[in-house]
Amino acid sequence: MRDSRTHAFEHASRRTARPGSHANRLSRPNALAIHALLLAGSVLFLFPLVWMMSTALKPLDQTMLMPPRWFPAPIQWENFREAVNYVPFFAYARNTLTIALLGTLGTVISSSIVAYGFSRIEWKGRDPVFLVLLATMMVPFPVTMVPLYAVFRNLHWIGTFRPLWVPAWFGASAFNVFLLRQFFLTIPRDFDDAARMDGCSEFGIYRRVVLPLSRPTLAVVALFHFMYCWNDFLGPLIYLIDQDTFTLALGLQFFQSRQGGTPWNLLMAASTLVVAPVIVLFFFTQRTFIQGIAMSGLKG
Amino acid sequence: MREPNAYRRLSRKRVREAASGYLFIAPWAAGFLLFTLGPMMASAVLSFCRYDPSAVRGTLEWVGLSNYARMFSGDPLFWKSLSVTLRYSLISIPLQLSGGLALALLLNRHVRGIALYRTAFYLPMVLGGVAISLLWLWLFSPSQGLINIGLAKVFDFLGQDSAMAHLLAWPLQAVFGKADADSLLPGWISSERGALNSLILMSCWTLGGSMIINLAGLQAIPKTYYEAAEIDGAGRWTQFWRITIPLLSPTIFFNLVMGVIGSFQVFTQGLIMTAGGPNNSTCFYVLNTYRNAFEFFRMGYASALAWFLFVIILSLTLLVVRSSSLWVFYEAQRR
């Protein structure tokens with residue numbers, strides 16, 4: 001069922017009105033009205049971002065001009081250079097990338113292994129245990145935050161990146177395990193049996209049969225986790241101490257709170273730099289991304 | 001003789017399969033014990049203790065129920081933060097759900113350029129907390145922000161003392177507070193009345209999430225249902241209430257559960273944009289918990305706060321799940 005749904009979803013843009021279909025009866029003025037509504041909505045949704053970029057390129061005295069100027073003149077590219085120096089942007093970007101890449105690798109590997117154990121192998125008590133895994137999604141981070149802090153403190157991990165990426169290697173994200181399990185369930189069992197006939201071990205089936213078939217879903221999981229790490233704020237806020245270990249999100253907040261009279265153009269330039277990679281990544285992986293979101297909602 | 005033998009072989013195969021099953025989920029099991037269950041238990045114990053690891057020798061002493069007693073009777077900030085979070089959830093979740101549904105319905109009319117619109121509406125969802133909080137802080141700034149600069153333009157155009165300007169300013173200021181005593185402009189996050197509502201308004205920027213899921217749900221509804229309804233003479237309105245809503249209810253249900261879990265954990269905006277103020281009007285529950293733990297180092301008390309939050313989220317989720325049989329419609333084919 002789910003497959004046909006995502007399929008239908010994916011082809012939505014191509015599936016223009018079929019003869020006799022429901023939508024075919026959209027009259028022309030109606031279609032225009034819908035377009036106008038959607039267009040107005042999109043402009044409204046995008047305008048904060050446009051404003052951010054526009055502010056980022058202005059000299060400070062232009063940031064609060066009245067009437068507001070949408071296109072800065074002259075365009076002040078130096079803002080970016082200044083912002084990059086003011087917030088040690090590249091150091092923070094390197095920290096963020098280290099955490100995000102280590103965490104993403106761990107998430108993809110561990111959650112696929114765990115999801116395999118929850119979907120392709122029968123064992124007693126599997127479904128109740130899976131329910132426990134699902135229930136962990138409901139546990140708010142604050143519940144575990146204090147003891148986790150104590151645990152990491154005793155390990156002398158506070159101030160290092162480890163609290164931020166090590167848990168990912170233990171299938172810590174129930175949501176990703178869930179997503180992968182749902183996908184693994186749709187792979188025909190005959191493939192396993194054929195591989196088993198050929199003497200493939202359980203791990204071999206996971207490696208050689210299931211993983212190669214699940215690349216799109218693995219990409220979704222990787223993407224989700226990467227974005228999560230890139231945007232995470234509370235984790236770094238709690239675990240990181242020294243300024244030179246900060247992530248972008250934390251560094252940005254630090255930069256802002258340190259400022260008295262905020263130079264909005266620099267702040268927006270720094271924000272633009274933080275947000276830009278995510279926007280680019282989103283544009284390139286949109287299809288995968290949106291499909292993954294849609295998949296998560298249609299568990300039935 | 002063959003019967004028991006075959007049985008034994010089968011069970012041995014089962015055992016082997018079970019063993020490999022355990023092996024595969026072992027990473028999660030270890031992580032669950034180390035990073036979830038263990039800390040949960042520890043935090044339950046800590047909630048009955050006074051615990052301050054920042055003190056020179058670190059204090060840990062049993063104080064019985066006094067953290068909980070303090071929560072319910074001695075700490076006004078607990079009640080304040082609870083009501084702030086409840087109000088945020090009660091307004092923001094319905095807004096996001098209905099907005100997301102409305103957008104999905106519009107996009108589902110097979111208009112051209114659906115992919116472009118979808119991207120535009122979804123984009124804010126992928127952008128992260130801090131940069132976005134800073135951006136909205138800038139937009140909401142009462143004296144320099146784009147929103148108030150625009151509004152000031154409108155008021156100038158209407159005439160500062162005209163009835164029209166006052167008619168426009170009144171509802172805005174009723175919801176979003178006053179910039180200052182004799183101004184027509186709203187105060188947004190700088191006013192006690194408007195701060196929380198401004199953050200709720202900002203949360204509507206991310207309704208793309210529920211939109212995408214609703215859209216997928218809508219596109220899975222077989223078109224034949226509508227055709228049959230049309231033949232029977234059902235109008236658009238009837239079709240919406242009798243076909244779309246029932247068949248979409250599992251999707252709405254999913255969005256609702258996710259919305260409850262998410263909105264009770266709002267934190268970043270409160271810390272970065274308003275620092276919980278003005279006058280604690282945006283002191284979200286998790287923000288209050290964080291401060292107790294890591295600013296005042298009352299970690300035992302923070303654990304008690306966190307456990308209470310868990311109980312709230314758990315009971316609300318159970319309530320939604322339990323009530324779902326009343327309003328969520330599952331087709332027979334869908335399990």
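## Exercises on a two-chain model

In chain A, 14 residues of domain 1 touch 18 residues of domain 2; contact means heavy atoms within 4.5 Å. This is a predicted model: local features need pLDDT of at least 70, side-chain atom pairs count only at pLDDT 80 or more, and totals for chains, interfaces and linings use all residues. Residues are numbered from 1 along each chain as its sequence is written, chains are lettered from A and ligands numbered from 1 in the order in which they are written, and side-chain values use heavy atoms, with hydrogens and water left out.

### Exercise 1
Describe the interface between domain 1 and domain 2 of chain A.

**Solution**
- Step 1: take the area. The two domains bury about 1400 Å², and carbon and sulfur atoms give 67% of that. Buried area is the accessible area (1.4 Å probe) that two parts lose on being put together, summed over both.
- Step 2: count the pairs. A salt bridge puts a side-chain nitrogen of Lys or Arg within 4 Å of a carboxyl oxygen of Asp or Glu. One residue pair is in polar contact, both at pLDDT 80 or more. That term means a pair of N or O atoms within 3.5 Å; within protein, one must be able to donate a hydrogen and the other to accept it, and residues adjacent in sequence count only if both atoms are side-chain atoms.
- Step 3: sort the residues. The domain 1 side divides into six nonpolar, four polar and four charged. Ala, Val, Leu, Ile, Met, Phe, Trp, Tyr, Cys and Pro count as nonpolar, Asp, Glu, Lys and Arg as charged, and the others, Gly among them, as polar.

### Exercise 2
Describe the interface between chain B and chain A.

**Solution**
- Step 1: count residues. Chain B gives 100 residues to the contact and chain A gives 104.
- Step 2: take the area. The chains bury about 9400 Å² between them, 77% of it on carbon and sulfur atoms. In chain B, Phe24(B), Trp28(B) and Trp138(B) lose the most area to chain A, together 9% of what that side buries.
- Step 3: find the main element. Helix α1 (residues 2–46) of chain B supplies 20 residues, the largest share of the side that touches chain A. Helices (H or I, at least four residues) and strands (E, at least two) are DSSP runs, numbered from the N terminus.
- Step 4: sort the chain B side. It holds 68 nonpolar, 20 polar and twelve charged residues.
- Step 5: count pairs. The chain interface has zero salt bridges and six residue pairs in polar contact (both at pLDDT 80 or more).

### Exercise 3
Trace the salt bridge between Asp192(A) and Arg189(A).

**Solution**
- Step 1: take the distance. The closest N and O atoms are 3.8 Å apart.
- Step 2: check accessibility. Asp192(A) is buried at 0% relative accessible area. Arg189(A) is partly exposed at 32%. Buried means under 20%, exposed over 50%, partly exposed in between (1.4 Å probe, protein chains only).
- Step 3: Salt bridges link Arg120(A), Arg189(A) and Asp192(A).
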